[in-house]
Amino acid sequence: MKRKKSEERSYGVIGLGRFGMALAVTLAESNSEVIVIDRDEAKVKEIRQYTEYAFVSEDLNIETLREIGIQNCDVVIVCIGEKVDVSILTTMRVLELGVPNVIAKALSPEQGAVLNKLGAKVVYPERDMALRLGKKLISNNFMEYITLDHSVEIRQIPSTKKIQGKRIEEIEIRQRYGLNIIAIENGETTTIEVTPGYRFREGDILVVIGKVTNMDQFEATIR
């Protein structure tokens, strides 16, 4: 993949574990250009339904990364937290290739400290998810919903281009799907007083409560 001259960012995802796979799918579904690399052929085959730039590679040396075109990405996320040595070496090579923004997954403070010294921005997905969930449970009283029937759940649903620009009342989420929006997140902002006239924006995440089957139907409709 060659670097585009447009304002759209291009991304690289190295490692298709649960975190890397979910991240790659999310980026690809936003119509961003995404390069994906993993040693597992089955995982690479799975991700190819989302991006054509998916490569199988056992060796992540600098020559291989350059041939694949990782240096043309605006942002590269190294998602190899479990193998510390591979994570560190791969991050170092991506930085050497001149990628302007490198993010690396870490599983421990020690691993994160090394990655940070190399010049990467470090993320701790498991820890951050636990902290975020804890804050939500406390601040938004989500505890009362945990004991509901298994057919009902709370789910975060990213807005899509199909509903962005529309008002809540236009998509009739309660009338057609029996769902209730209890909050809308966008970046660091959470809106809990959601009115029918609210107009969906890019980056919105809908926090929805309702029956699982109805939620699945709604997600399929807005894709």
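In this predicted model, select helices H4 and H5 first: H4 passes H5 in a right-handed crossing. To see the contact, show the side chains of Val84, Ser87, Ile88, Thr91, Met92 and Leu95 on H4, together with Gln111, Val114, Leu115 and Leu118 on H5. Sorted by class, this contact comprises seven nonpolar and three polar residues, with no charged ones.

Next, view the two helices as axes. H4 spans residues 84–96 and H5 residues 109–118; their axes come within 10 Å and cross at roughly 15°. Because angles under 35 degrees count as roughly parallel, H4 is roughly parallel to H5.

Now select the strands. Six of them form an open sheet with parallel pairing, in the order E3-E2-E1-E4-E5-E6. At the edges are strand E3 (54–56) and strand E6 (121–123), each of which pairs on one side only. From one strand to the next, the twist averages 15°.

Strand E2, residues 33–38, runs parallel to E3 and is joined to E3 by three bridges. Highlight Ile37, which stands opposite Phe55 in E3.

Helix H1 (residues 18–29) lies across strand E1 (10–14), E2, strand E4 (75–78), strand E5 (101–105) and E6, and runs at about 160° to E1. Return to H4 to finish: this helix lies across E1, E4 and E5, running at about 175° to E5.

Notes
Residues numbered from 1 in each chain as written. Predicted model: local features only at pLDDT ≥ 70, side-chain atom pairs only at ≥ 80, totals over all residues. Heavy atoms only, no water. Axes fitted to C-alpha atoms, helices over the stretch in contact; angles between N-to-C directions. Helix = DSSP H or I, 4+ residues; strand = E, 2+ residues; numbered from the N terminus. Parallel < 35°, antiparallel > 145°, perpendicular 65-115°, else oblique. Left-handed = near helix turned anticlockwise from the far one by under 90°. Contact = heavy atoms within 4.5 Å. Nonpolar A, V, L, I, M, F, W, Y, C, P; charged D, E, K, R; others polar. Pairing = 2+ DSSP bridges.
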